[in-house]
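User: I would like to go through this structure step by step. Could you help me with it?

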Amino acid sequence: MADLSKYRNIGIFAHVDAGKTTTTERILKLTGKIHKTGEVHDGAATTDFMEQEQERGITIQSAATTCYWKDHRFNIIDTPGHVDFTVEVYRSLKVLDGGVGVFCGSGGVEPQSETNWRYANDSEVARIIFVNKLDRMGADFYRVVKQVKDVLGANPLVMTLPIGIEDDFVGVVDVLTQKAYIWDETGLPENYKVEEVPADLVDKAAEYREMLIETAVEQDDDLMEKYLEGEEPSIDDIKRCIRQGTNKLDFFPTYCGSAFKNKGVQLVLDAVVDYLPSPTEVEPQPLTDEEGNETGNFAIVSTEEPLKALAFKIMDDRFGALTFVRIYSGVMKKGDTILNSFTGKTERIGRMVEMHANDRNEIDRAQAGDIIAVVGMKNVQTGHTLCHPDHPVTLEPMVFPDPVISIAVKPKDKGGTEKMGIAIGKMVAEDPSFQVESDEETGDTILKGMGELHLDIKVDILKRTYGVDLEVGQPQVAYRETITKAIEDSYTHKKQSGGSGQFGKIDYRIKPGETGSGFTFKSSVVGGNVPREFWPAIEKGFKSMLGEGVLAGYPVLDMEIELFDGGFHAVDSSAVAFEIAARGAFRQSLPKAGPQLLEPVMKVDVFTPEDHVGDVIGDLNRRRGMIKDQQAGTTGVRVKAEVPLAEMFGYIGHLRTMTSGRGQFSMEFSHYMPCPNSVADEVIEAAKVRKAESKK
């Protein structure tokens, strides 16, 4: 039985280009997992194994790998940094016990770092920080530490200090042991010497050591008392306190180095062993009922308990469907029969593999704390719980954001339709933030995603991986509709067609709901005018109409309906009659309730060199943007704004032109807001034209 205290399930996350994948490569090299280091910019990184990743130099899907350091087993997930793929980060953090947040020494805390940090806070994942790329122009370790405090509101506990900076960066000072680690010019990670702290850093190192000890001993009252009386704690005691504080998220041990130049990575690996939690030290996962409400029970991490595991990712590759599974308790063996508590069906475990990015290693058993992949599971999707058939449980499910952008696609040739259907089925199973539906009027397939890049990659995968040539329409915005006025109305459904007829009369009030409240239905009927057994049918009738509003056919949000009176017939009334009445009522009343079109507004974060700030802000204003904040850094300015998605198509091209290719931006969905009349009129007109064309 493996010793769970020697397990570390960690994720590496950061903003695009902060050096996550390069850091992962160095870790794999140092732990002996790979013998030749691949570079991201050459398209040769181990964990970037998709063609699209190698070409674009970005990580698109999280990759899992296992390696060993100082007799500890690391299960590492390298996550994407681009905002369109945050769902990968979110679901990885959900199953990890600890993380390494990588920040660029010159770029500092960038937009995506904030999103990922927020996700990690939500998932209560303990983290250490690695400030990377200190060999780059404009790198400044102390500035990044300050940004971590100011921008993320986190408490960085500085564990190493840089020796030299930019081209002169040669190594780091270990603040705790007051030793200097200096690498030579060969660029090999193992070629370093441990020396005394350089004279110019002695005072600074002593000052930071004092701050480190003061912060650490706050975790232990006895040690703190002794320390205040002048007795210095032992290194083991300090490490114990740091571990405790890290796991409580009181502070985050902060390291520095250059992964590309192989400097400082060993100390990060030691920190993972010393300070990040093992599976048994993390708060156990809550169990929920079928509605998703917590039951008060937990998945205790132990091999003695019945099996509880979470499928957190589906990946299709040349060997078939792989289901990535985090085992929380119990043991999973080849040939076992397990229950999927979501579908209520059992499945047999065939092949189990330990992943190393795109390669795999067959195993016969796995236990609590492991992250493995199971080959060929039929009906399992992301977020499903796998458990022992005699002990059914549901782990806390994953919640994924709704897509905000869509495109229409159709195959160029007839034979491509079936091929496309199979391919899209696999892709939807892999990525819960990617959705597909058919437009019944035009016959087109509508792909929905989190952003232009997200859909761009999906179309690319369809073309290259699955060989489906597509005609791609213009991106479409996911508008919504709502109402602005409260009204009271009545509707009667009456139909007589020989024998028993249909009758249902409802009196109801419709009013706008709170933003984000969705659809709520209540009944205040007294005296049995509408018998209680028909209320669910009325709610169902109204609910079934929410998918298509009266202005332009977009889904309707945030509406309250109250049934307060009505009438029924002893023979002719039925659930069906009342459901039809509710549908008719929706069609009759919605146009009277001040219908309004809503558009998705994005949180946009633009980085621009200082001399182009005016152009960038002027351009965002022209795009109906609201500027929220400006932050000046050493290499440029970050402008934060809220801009309607409809105005942001093709923005990257404009930004590059305005800033001579130096600008960058990221955006994510923020909220829905009413459209200005001029925009709403255009959208409604376009919807009418589409409808007319489809009828021809």
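User: Which residue takes a positive phi in the hairpin of β17 and β18?
Analyst: In that hairpin, G344 takes a positive phi near 75°. Four residues lie between the two strands. Please note that this is a predicted model, in which local features need pLDDT of at least 70 and side-chain atom pairs count only at pLDDT 80 or more, while totals for chains, interfaces and linings use all residues. Residues are numbered from 1 along each chain as its sequence is written, and side-chain values use heavy atoms, with hydrogens and water left out.

User: How many bridges pair β17 with β18?
Analyst: Strand β17 (residues 337–340) and strand β18 (residues 345–348) pair over four bridges in the antiparallel sense. Two strands pair if DSSP finds at least two bridges between them. Strands (E, at least two residues) and helices (H or I, at least four) are DSSP runs, numbered from the N terminus. Within this pair, L339 stands opposite T346 of β18.

User: And what is the bridge partner of N340 in β23?
Analyst: The partner of N340 is L386. Strand β23 (residues 385–387) pairs with β17 in the antiparallel sense, over two bridges.

User: Changing topic: what is the strand order in the sheet that has β30 and β32?
Analyst: This open sheet of four strands has the order β30-β31-β33-β32, and its pairing is mixed. The edges are β30 (487–495) and β32 (519–523), each with a single partner strand, so one side of each has no neighbour in the sheet. The twist averages 25° from one strand to the next. Angles run from 0 to 180 degrees between N-to-C directions, and axes are lines fitted to C-alpha atoms, for helices over the stretch in contact.

User: How many bridges join β31 to β33?
Analyst: Eight bridges join strand β31 (residues 502–512) to strand β33 (residues 559–567), and the two run antiparallel. In this pair, D507 stands opposite D565 of β33.

User: At what angle do the axes of α12 and α13 cross?
Analyst: The axes of α12 (residues 535–544) and α13 (residues 575–589) cross at roughly 40° and come within 7 Å. The two helices are therefore oblique to each other; angles under 35 degrees count as roughly parallel, over 145 as roughly antiparallel, 65 to 115 as roughly perpendicular and the rest as oblique.

User: Which residues make that contact?
Analyst: From α12 they include I538 and F542, and from α13 they include F578 and F586. The residues of this contact divide into eight nonpolar, two polar and three charged. Here Ala, Val, Leu, Ile, Met, Phe, Trp, Tyr, Cys and Pro count as nonpolar, Asp, Glu, Lys and Arg as charged, and the others, Gly among them, as polar.

User: One last topic: how many salt bridges are there in the whole structure?
Analyst: A search of the whole structure finds 28 salt bridges, each a side-chain nitrogen of Lys or Arg within 4 Å of a carboxyl oxygen of Asp or Glu. One of them joins K6 and D71, with the closest N and O atoms 3.8 Å apart.

User: Where do K6 and D71 lie?
Analyst: K6 lies in the segment before β1 (7–14) and D71 in the loop between β2 (63–69) and β3 (72–78), so the pair ties together parts that are 65 residues apart in sequence.

Technical notes
Contact means heavy atoms within 4.5 Å.
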